[in-house]
Amino acid sequence: MFFMLMFLFSCMTFISSRKHLLCTLLSLEFMVLILFSIMLLYLSFMKFEGYFSMFFLSFCVCEGVLGLSILVSMIRTHGNDYFQSFSVLQC
């Protein structure tokens with residue numbers, strides 16, 4: 001129940017933080033960590049092996065790296081990480 005409440009709070013944080021890209025990436029990473037802990041708790045409770053959790057964790061690391069690379073490229077091209085200064089229609 002505690003993990004579900006934390007996941008709902010992280011979803012609310014993700015929805016409400018629309019100003020900076022870094023805040024949204026941090027809330028996404030928090031959601032992924034909560035999902036990882038829920039999955040690890042479930043797998044250990046059902047006495048399954050933890051191999052799937054390692055695959056999930058490696059994909060989460062790749063997701064974090066892609067998000068940080070988008071953040072770095074956005075800061076290099078636009079100078080900040082505000083969503084208002086970024087337009088999808090610009091080349």
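Axes here are lines fitted to C-alpha atoms, for helices over the stretch in contact, and angles run from 0 to 180 degrees between N-to-C directions. Helices (H or I, at least four residues) and strands (E, at least two) are DSSP runs, numbered from the N terminus.

I am working from a predicted model, where local features need pLDDT of at least 70, side-chain atom pairs count only at pLDDT 80 or more, and totals for chains, interfaces and linings use all residues. Residues are numbered from 1 along each chain as its sequence is written, and side-chain values use heavy atoms, with hydrogens and water left out.

**Entry 1: α2 and α3.** I looked up α2 against helix α3 (residues 51–78): the angle is about 180 degrees and the axes are 11 Å apart. The two helices are therefore roughly antiparallel to each other. I then listed the contact (heavy atoms within 4.5 Å). On the α2 side I found, among them, Leu21, Glu29 and Leu43; on the α3 side, Phe52, Glu63 and Met74 are included. By class, this contact has 18 nonpolar, three polar and two charged residues. My classes: Ala, Val, Leu, Ile, Met, Phe, Trp, Tyr, Cys and Pro are nonpolar, Asp, Glu, Lys and Arg charged, and the others, Gly among them, polar.

**Entry 2: α1 and α2.** Helix α1 (residues 2–16) packs on helix α2 (residues 21–45) at about 160 degrees, with axes 9 Å apart. That makes α1 roughly antiparallel to α2. Contributors from α1 include Phe3, Phe7 and Phe14, and those from α2 include Thr24, Met31 and Leu41.

**Entry 3: threonine 24.** Threonine 24 sits in helix α2. Is it buried or exposed? Threonine 24 is buried, at a relative accessible area of 8% (buried is under 20%, exposed over 50%, partly exposed in between, with a 1.4 Å probe and protein chains only). Beyond neighbours within four places in sequence, threonine 24 contacts Phe14, Ser17 and Phe83.

**Entry 4: the record.** The unreviewed UniProt entry gives "signal peptide" for residues 1–17. I find that span 88% helix and 0% strand, with end C-alpha atoms 24 Å apart. UniProt also places "transmembrane region" at residues 21–45 and 51–75. Residues 21–45 are 100% helix, and their end C-alpha atoms lie 36 Å apart. For residues 51–75, I get 100% helix and 37 Å.

Terms used:
Angles under 35 degrees count as roughly parallel, over 145 as roughly antiparallel, 65 to 115 as roughly perpendicular and the rest as oblique. UniProt positions are given in the numbering used here, feature names are shortened, and annotations may be inferred rather than shown by experiment.
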